Amino acid sequence: MAQISSGGGRGRDPNVELNLVPVIDLMSVLITFLLLSAVWTQVSMIQLGASFASPRDLEQKELKPPPNEDLVLKLDIRANGYILYIGKEVRTLPMINGAYDVASLSADLAKVKQMYPQKGGVKMAISDEIQYEHVVAAMDIGLKAGFSPELLTGGPN
Amino acid sequence: MAIFRPGQRHRYHNILKRRASKRGVTAILSLTAMVDMFTVLVIFLLQNYNTTGEILYIPKEVTLPKANRVSDLKPSLVVTVSSKEVLIDRTVVATFDEVKAATNWVIPNLRDQARVILEKAKADQDAKIQNRLRNIVDKTLGNEELDPNAWRKVTIQADKAIDYLTLKKIMYSVYEAGGGPINFAVAKEYEKNDATTDAKTQ
């Protein structure tokens, strides 16, 4: 049992004993419960913006175009790198050492957000052979820069 | 004040020293370290505790991609795409090879199963909305607002190595069944310089 000695005094020290048994009991139960219910991999979700077949809100009668809709902001994800279209400007971001140039894309998108803060979404055209991991990575970069990812795809042939 | 010889001394050396006397031996455990450890453990586990209550079943074959601008999971229809099969809520609807080889974008079994589940979800939600309207307690609490499109939400959890064409076929089938918006399940990754990275995009 834990005890606190009050220091020097006459004769024996008066000890104040803290009863730690209930604390330890509580801790043990709590730790057991938390360990049993622990989720070691936190699964979350990444949200898509409008995509090729997003359902329309039936209650919304008047369709208002989002701000800066006339400004083209499109990201092509290809097997050899990214191609970013900002208005009439085209920036090619080829792969570096077999990996996508994430840093440059992130910096470019951040600049675009600074120039056009009202622009809400980045359209993404993705080649068929691209792995899902790279799709999510690009969407994540878009979200980091403040753009909602919108997937563009052709329909079935 | 007593003068002690320098060196290591147990905190209870005065008590232990009494062993020489005829009194009973009192062995005292130092619980401080254990309580400290318990406290740290409890704090760590509480921080990792899943507060949303939404837990996805992830098959062994599925390795989720990582992202850090994420939102909390919401209840929805879950479509799982692994390198072997496609599942809707743990029910296999097609094999991966079938979907990959298909020239038609619509996967009939996936679309039909998804449609059945979504219709059931819609009926459940309609019933819930009607019950809520009758429930005065909910009205007073201000909880009656319910997203009318909540039943349509679909979460796709796919292996990170899946090709985008296969994913497009699955998304197309889900939309054909009346589902959407679609969200992608990802493993949350923490940034070193920014611990609070939850995105609120809606």
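**Exercise 1.** How many residues does the contact take from chain B, and how many from chain A?

*Solution.* In this predicted model, the contact draws 49 residues from chain B and 39 residues from chain A. On the side of chain B that touches chain A, the elements giving two or more residues are helix H2 (32-47), strand S5 (154-158), helix H6 (164-176) and strand S6 (182-188). Sorting that side of chain B by class then gives 31 nonpolar, 11 polar and 7 charged residues.

**Exercise 2.** Describe how H1(A) and H2(B) pack, and name the residues that make the contact.

*Solution.* Two packed helices are described by the angle between their axes and the distance between the axes. Helix H1 (residues 21-36) of chain A meets H2(B) at an angle of about 35°, the axes lying 10 Å apart, and the crossing of H1(A) and H2(B) is left-handed. From H1(A) come Val23(A), Ile24(A), Met27(A), Leu30(A), Ile31(A), Leu34(A) and Leu35(A), while H2(B) supplies Val35(B), Phe38(B), Leu41(B), Val42(B), Leu45(B) and Leu46(B). By class, the residues of this contact of H1(A) with H2(B) are 13 nonpolar, with no polar and no charged ones.

**Exercise 3.** In which sense do strand S3 of chain A and S6(B) pair?

*Solution.* Strand S3 (residues 43-47) of chain A pairs with S6(B) in the antiparallel sense, over 5 bridges, and Ser44(A) stands opposite Val186(B) in S6(B).

Methods
Residues are numbered from 1 along each chain as its sequence is written. Chains are lettered from A and ligands numbered from 1 in the order in which they are written. This is a predicted model: local features need pLDDT of at least 70, side-chain atom pairs count only at pLDDT 80 or more; totals for chains, interfaces and linings use all residues. Two residues are in contact if their C-beta atoms, placed from the backbone, lie within 7 Å. Helices (H or I, at least four residues) and strands (E, at least two) are DSSP runs, numbered from the N terminus. Ala, Val, Leu, Ile, Met, Phe, Trp, Tyr, Cys and Pro count as nonpolar, Asp, Glu, Lys and Arg as charged, and the others, Gly among them, as polar. Two strands pair if DSSP finds at least two bridges between them. Axes are lines fitted to C-alpha atoms, for helices over the stretch in contact, and angles run from 0 to 180 degrees between N-to-C directions. A crossing is left-handed if the near helix is turned anticlockwise from the far one by less than a right angle, and right-handed if clockwise.
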